[in-house]
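Here is a short report for a first look. Please keep the sequence and the model side by side as you read.

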Amino acid sequence: MTTVDHLRQVRLGNLRTVLLALVDRPGSRADLAARTGLTKATLSNLTEPLLANGILLEEPATSPSVGRPSKPLRFHPDGPVAVGAEINVSHLAVETLGLDGETIRRHLVPADMRKATEDEVLDRVAALIREIAGERTLLGAGLAIPGVVHDGVVVRAPNLPALVGAPLARGLSRRLNLDVELDNEANLAALAHLWPRHLAGEDFVHVSADVGIGAGVVLNGEVYRGASGFAGELGHVVIERDGIKCTCGSRGCVERYAGLDVILREAGRRRLDSLHKALEAGDPKAKKSVHEAGKALGVGLATLMNLFDVPTVVLGGSYAVLHEHLRAAVQSEMDSRVLAGGERHTRLTASPLGEFAVVRGAAGLITRRAVQQPERLFA
């Protein structure tokens, strides 16, 4: 490495440090110097290009009781944003996210995507992104799908078989002239609870359901993907050896007993909001449906807990909506089946992000990359 290359790497490292500090909270140069260990001169040198390019904003000086007035720096509210998009079995969703982690706009559209072709899906997603982005400068797009992906291609998606083999990242990139990263929706929902804020600690499992069930496993503050990207496929954990046939080809998978479509069917309801109202009204059929699903989910989660020994389970998506009515059955099964349950109770909680966790994580994939690789901000 040449001296020039070394100095460039040092500068990028310092810039990354400053950006991470600003993600945590805004601050004056003096405050940032104290938090990062960098000199005020170095901070001024690093932040000037960010101010000139509309990435940062310097607020008017405030007058402290002692010392010089300070001018806090923060991410510009009209600066570049990331976009996240979700392709799911029953809906499409998009969200724009600032570098500070603030949601700018979001939109969810109910849609049956089971038989949609690659072009149909990507045309609709691209249109939604253009609509929500408006005139904002985009840093890139994160794209989520309920399936296993590799190098921007869908490798396996039992509930969206028409998209298997589709190079979705390349197709969306071509439509938008934008860098696109494709990832599994469960992993991205878990990431949303890590970046830019830790919402569930450093070790947890995030589980959510639509037709299928996905789990994102987080260990030591990182999403665990496994050697082939299949980690967290809770929906296809077998809980009944000769049970109901599953779309994956196996039998007795968790999602055939605890997937949202199963819950709705057994409750005699067509939509989640209708089910929730029935539960609030004490409808026996709805209560039984959710209770049985909770028992099946608890059995599957107990397997995950025994394998990974994490202290927290976060119920997201539709499970977060049903949390109050689902919790007792899930917890009961886990209490009796998790080996560490008697000594160290596993915490079961509802996600504060609800149905938008996946798109927030997809957009967060891009903002985290921009902060960790700050050269991208000037590309």
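Is Glu 58 buried, partly exposed or exposed? Glu 58 is partly exposed, with a relative accessible area of 30%. The model is a predicted one.

## Salt bridges

Side chains of opposite charge can pair when their charged atoms come close. The whole structure holds 17 salt bridges.

One of them joins Arg 29 to Glu 58, with the closest N and O atoms 2.4 Å apart. This pair links distant parts of the chain: Arg 29 lies in helix 2 (residues 29-36), Glu 58 in strand 1 (residues 56-58), and 29 residues separate them. Arg 29 is buried, because its relative accessible area is 16%, under the 20% limit. Shared partners in salt bridges join Arg 29, Glu 48 and Glu 58 into one network.

## Two further pairs

Glu 95 and Arg 360 also meet in a salt bridge, at 3.9 Å from N to O. Glu 95 sits in strand 4 and Arg 360 in helix 13 (residues 357-372), 265 residues apart. Both residues, Glu 95 and Arg 360, are buried.

Arg 271 forms a salt bridge with Asp 273; their closest N and O atoms are 3.1 Å apart. Asp 273 counts as partly exposed, at 39% relative accessibility.

## Strand 4 and His 91

Strand 4 covers residues 91-98 and contains His 91. His 91 is buried, with a relative accessible area of 12%. Beyond its neighbours within four places in sequence, His 91 contacts residues including Glu 86, Leu 108, Met 113 and Asp 210.

## Rings

The charged end of Arg 106 sits over the ring of Phe 356, 4.3 Å from the ring's centre. The count of aromatic pairs is 1.

Key: Residues are numbered from 1 along each chain as its sequence is written. This is a predicted model: local features need pLDDT of at least 70, side-chain atom pairs count only at pLDDT 80 or more; totals for chains, interfaces and linings use all residues. Side-chain values use heavy atoms; hydrogens and water are left out. Rings of Phe, Tyr and Trp (its six-membered ring) pair if their centres lie within 6.5 Å; planes under 30 degrees apart count as stacked, over 60 as edge-to-face and the rest as tilted. A charge sits over a ring if NZ of Lys or CZ of Arg is within 6 Å of the ring centre and within 35 degrees of the ring normal. Helices (H or I, at least four residues) and strands (E, at least two) are DSSP runs, numbered from the N terminus. Buried means under 20% relative accessible area, exposed over 50%, partly exposed in between (1.4 Å probe, protein chains only). Contact means heavy atoms within 4.5 Å. A salt bridge is a side-chain nitrogen of Lys or Arg within 4 Å of a carboxyl oxygen of Asp or Glu.
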